[in-house]
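Could you walk me through this structure, one selection at a time? I have the viewer open and would like to know what to click on next.

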Amino acid sequence: FWLKLFRSLLLVPAAQPFSKMQTIGDEFSREDAVKALSTSNEAALIANLSYYGAAALELGYGDTVAKLLSHESTDVVAAACDAIGNMGGIKYGDYLPLTHTSTKVRAAAASAIGAFGEEGLKYGDKLAKLISETSAADEQVKVVAIQALGMIGAKDQLSTVTGLMADKSPDVQGAACLALSCLGGSSMASDIAAKLGSDSTRFAAVSALAALDEDACKPVVGDLVAKCLSDKDSQTRAEALSILAKLPDETLSSAGKLKELMKDSNPAVRATAALCLGNCGEKASAHASDVAALLKDGDEDLSWMPLQVGGGSTREPMAMRKPKCAALVALGAMKAEAQMSEVGDNCADGDWEVRFCAVEALGIMGAAAKDLADKVTSLLDDDTYPVRAKACFAVGSMGLEDQVDRLSEMLQDTTQSVRSEACAAMGMLGEAANQYTGELAKLLSDPSSPVRAAAAGALGNLGDGGKPYASIVASLLYDTDPLVVATVCTALGKMGAYGAAFAEDVAVFLEYPMGPVRAAAALALGAMGSEGAVYSGQIRSLTGDSDASVSRAASQACSQLRAIAN
């Protein structure tokens, strides 16, 4: 339980200081926050620390939060620790109560140091001391402190963490696995993989391996297939799938074991094995007939239901629950043309989730599935909106230009996901969809942000047909949804001189707090020729961005601009 609760803290970057562009800075003033943090109502104070804490440094009331570290209530002190971590308040690190009598407070203090990231490295010795002095009864503290060592990158504590792999507690061992994935990197893969053999440490071990680079995981692919894909825990299976998807060649060397797992008594395991082969793409097509055997498998894993009813879990994805759905997804990913007819037959299945997976598979197969166009278009009238939405996707990806009129009707569907997919499909149909650019432009003001984003993306993809709408598309640069902003940047980059006229507006978003927007802005400017070249210095500075996707986008944009200059 502890490892699943805290894993997300370890495998994401440390919290960054609050930014008004990011969240709620315009919703309250410093005075509002200070007043709220001065209440004598303990419950309200804890809630206010959660709400106002992240903005404390930015708006200048960090000291007010720090003073609450001496509050008489341990719950308030723990909430203040959390707030200091969330605000990136390294300046208050010396005051974090790592030696407090309360287990909850010590754990919160250690967690706050972890949230500082590399800036918290100077507290590595204190965390190590906390770990060594913590009794088994206070395991929560030890687990959080170990993970904090990983988060701050305390490589000088590598031996300490390695030693904890032999601790009596499975949760401590698991925390050590996760920390080692940060501290020792690829060199610790074999030590971490050794913990795959135990039910109590398997999830932590596979999660830690997922944080390593692909090469480090190659030697343990066999263990991941044999020990993780058959695990009863869905999260363990999902983590293993994510690793194996990046290593198709090595995974296929375990095809025999995967075929064995497709006959397992547990439907979830059968589904996972099929998905694993599907994740290998067309390389796994030789095994398509084995996967297709599951199209007759009407079983479903229901083990997740008690947890969902109790609020402890969400509904498992259809392809992780139903072998038939998994087989359809896998066959689509393999582009298994020999099984295409069988896939198409499932478009008429009585289970909407099966119909959804079938039409998605045909869409992924693309133009090769055109002979089954009637089965796809019939689902545009399905009474289940996810199926209608996926049918729109299939029409676009299969290039069914003769269905453009029918697709245009889907732009008016009452469900936002259908309108969104219909917009995206229009963008795939090219010149055939140019007669409906006006309808797409109307959806730029749709109340649903995914629809606005899809409409902008479609207009960008339609070439000459979409260019006259560049100014309307550009008006969404200041949309409240970052997805819309990123899509608009991308669309303007595809609109030639029409889009390049807004280079100055796009350049503003090179400093946006969210990585995908910065990346989209850089790529758009890279495509804008001389107008984009004006901002080459700013783009070049992003090649060192901490977000790898931004760094790659900036490098690509710089290459484009250099090519134009030459």
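**Stop 1: the domains**

Before you start, keep in mind that this is a predicted model. Colour the chain by its domains: domain 1 covers 1-153, domain 2 covers 401-476, and domain 3 is made of 481-486 + 497-565. Now show domain 2 and domain 3 together. Their centres, taken over C-alpha atoms, are 24 Å apart. Where they touch, 8 residues of domain 2 contact 7 residues of domain 3. About 650 Å² is buried between domain 2 and domain 3, and 79% of that is on carbon and sulfur atoms.

**Stop 2: helix 29**

Next, select residues 416-428, which form helix 29. This helix has 13 residues and spans 19 Å from its first C-alpha to its last, close to the 18 Å expected. Which of its residues are buried? They are Val-418, Arg-419, Ser-420, Ala-422, Cys-423, Ala-425, Met-426 and Gly-427. A handy rule for looking at such lists is that an α-helix has 3.6 residues a turn, so residues three or four places apart point the same way.

**Stop 3: a charge over a ring**

Select Lys-390 and Phe-393. The charged end of Lys-390 sits over the ring of Phe-393, 5.1 Å from the ring's centre.

**Stop 4: aromatic pairs**

The structure has 6 aromatic pairs. Start with Tyr-51 and Tyr-52: their ring centres are 4.8 Å apart and their planes are at 90°, so this pair is edge-to-face. Tyr-51 is partly exposed, at 38% relative accessible area, whereas Tyr-52 is buried, at 13%.

Finally, select Tyr-478 and Phe-509, a tilted pair with 5.3 Å from centre to centre and 55° between the planes. Is Phe-509 buried or exposed? Phe-509 is buried, with a relative accessible area of 4%, while Tyr-478 is exposed at 56%. Tyr-478 lies in the loop between helix 32 (470-474) and helix 33 (482-493), and Phe-509 in the loop between helix 35 (503-507) and helix 36 (515-526), so the pair ties together parts 31 residues apart in sequence.

Notes:
Residues are numbered from 1 along each chain as its sequence is written. This is a predicted model: local features need pLDDT of at least 70, side-chain atom pairs count only at pLDDT 80 or more; totals for chains, interfaces and linings use all residues. Side-chain values use heavy atoms; hydrogens and water are left out. Rings of Phe, Tyr and Trp (its six-membered ring) pair if their centres lie within 6.5 Å; planes under 30 degrees apart count as stacked, over 60 as edge-to-face and the rest as tilted. Buried means under 20% relative accessible area, exposed over 50%, partly exposed in between (1.4 Å probe, protein chains only). Helices (H or I, at least four residues) and strands (E, at least two) are DSSP runs, numbered from the N terminus. A charge sits over a ring if NZ of Lys or CZ of Arg is within 6 Å of the ring centre and within 35 degrees of the ring normal. The expected span of a helix is 1.5 Å times one less than its number of residues. Domain bounds come from an automatic or database domain assignment. Contact means heavy atoms within 4.5 Å. Buried area is the accessible area (1.4 Å probe) that two parts lose on being put together, summed over both.
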